Amino acid sequence: MRKIQMVDLKGQYKKIKEEVDSSVLEVIDSTAFINGPKVHEFQKNLEDYLGVKHVIPCANGTDALQIAMMGLELKPGDEVITADFTFAATVEVIALLNLTPVLVDVNPIDFNIDIEAIKKAITPKTKAIVPVHLFGHCANMEAILEIAKEHDLYVIEDNAQAIGADYRFSNGKRVKAGAMGDVGSTSFFPSKNLGCYGDGGAIFTNDDDLAHTIRGIVNHGMYKRYHHDVVGVNSRLDSIQAVVLNAKLPHLDSYNKARRNAAKKYNAAFKNHEKIITPSGLSSCNGICDTCDCHVFHQYTLRVLNADRDALVEHLNSLGIPCGVYYPIPLHRQKAYLDSRYKEDDFKVTNQLVKEVISLPMHTELDDEQIEFITNTVIEFIDNN
Ligand SMILES: *Cc1c(COP(=O)(O)O)cnc(C)c1O
């Protein structure tokens, strides 16, 4: 059996090596390293793929979120509601901008921000909601957009983990993750579903004015050379990353399909196990039918019930099966984000998930033999402990 990787970037690279190598060398030869034509080409390609009017490439996914928020009319002290169960970048940029993060609980089905919890958290100071499409599945955007409309709030989608995912509205309309809110952001960190070979990110919006504002913010607040109208940042995607992304974008749907196929096999093996809850989406197909892209499985995350999750992690690692615990500590209990307003009772689901979740290897190159070994090992451990 091939060695099991949490993410197999090498196997994926081998299949596109010729194209990537030659286009990287072309960039070096052209010396158009920053803001070259390849970055513009990628921007257009991604706009077409997502069906969004404007893509603004930038340096990483954390910058993308920060810049997205800088582009909106928010002022210090405004409250921004986001999920307690996510990567810290989401809450970090809210705090960095002197906005007030308001963390709320998630739902136990797809681990995304809980709609009732959002409603409960709204105050006159609330100005925005940041849903995170965690592990590759969209948050309940229909409900979130409705709440936002009712209370006049911005919606900023943190789409670092779900690029390529579809969201289906109840009227049947399908929209790509990241293209539904006022503004969306993503990351091209190498292990993300569309990863480059370094750091990269992008911001999406359908709003022409906001796109213009953001294009200035990523470039030192400059709208005319050496005229600085707003305080900006320096955040750019370089051309070498853009050509890697241009090579990979046409494969994104098949990459996501390969992830979904692996997830289906995992799901089948764990089916009906009384101590294992497999990941599922809220849509009827659970996001893994052959005709939709509702779940792109950035992570394949199980909940293990009444079992020693940490011992399982150790056991898997000892047998050469990498795995991860995303995330082991809720954000509301992180030192940097403590807030006397938080009550443990308001975070029942997150507090439970941090004890139960385990993410298994998930990437485009998993084969049946590896999946069988992983699932057998997990089941055997849980049955015998
Ligand atoms: C990866 C990630 C980010 C940050 O992306 P970087 O490119 O690493 O800065 C933000 N939010 C979520 C949910 C992520 O998973």
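**Ligand contacts and the surrounding pocket**

In the predicted model, a polar backbone atom of Gly-61 is placed 2.7 Å from an oxygen atom of the ligand. A ligand oxygen atom is likewise found 2.7 Å from an N or O atom in the side chain of Lys-192, and a polar side-chain atom of Asn-60 lies 3.4 Å from an oxygen atom of the ligand. Taken alone, the ligand exposes 380 Å², of which 91% is buried by the protein.

The shell around the ligand is made up of Asn-60, Gly-61 and Thr-62, together with Thr-86, Phe-87, Ala-89, Val-132, Asp-158, Ala-160, Gln-161, Ser-187 and Lys-192. By residue class, this shell comprises six polar, four nonpolar and two charged residues.

The space that the ligand takes up is the largest pocket, for which a volume of about 480 Å³ was computed. This pocket is lined by 25 residues, and those closest to its centre are Phe-87, Gln-161, Phe-189, Lys-192 and His-298. Of the residues in the lining, twelve are nonpolar, ten are polar and three are charged. With regard to secondary structure, helix 3 (61–70) and helix 4 (89–96) each supply at least two residues of the lining, and helix 3 gives the most, with three residues.

Methods: Residues numbered from 1 in each chain as written. Predicted model: local features only at pLDDT ≥ 70, side-chain atom pairs only at ≥ 80, totals over all residues. Heavy atoms only, no water. Near = heavy atom within 4 Å. Polar contact = N/O pair within 3.5 Å; in protein donor to acceptor, adjacent residues only side chain to side chain. Areas by Shrake-Rupley, 256 points an atom, 1.4 Å probe, with all protein chains shown as cover. 1 Å grid on protein atoms, 1.4 Å probe; cavity = no way out; pocket = protein on both sides within 12 Å on 5 of 7 lines; lining within 4 Å. Sits in = over half its atoms within 2 Å of the grid points. Nonpolar A, V, L, I, M, F, W, Y, C, P; charged D, E, K, R; others polar. Points joined across faces, edges and corners; volume = space filled by probe spheres on them. Helix = DSSP H or I, 4+ residues; strand = E, 2+ residues; numbered from the N terminus.
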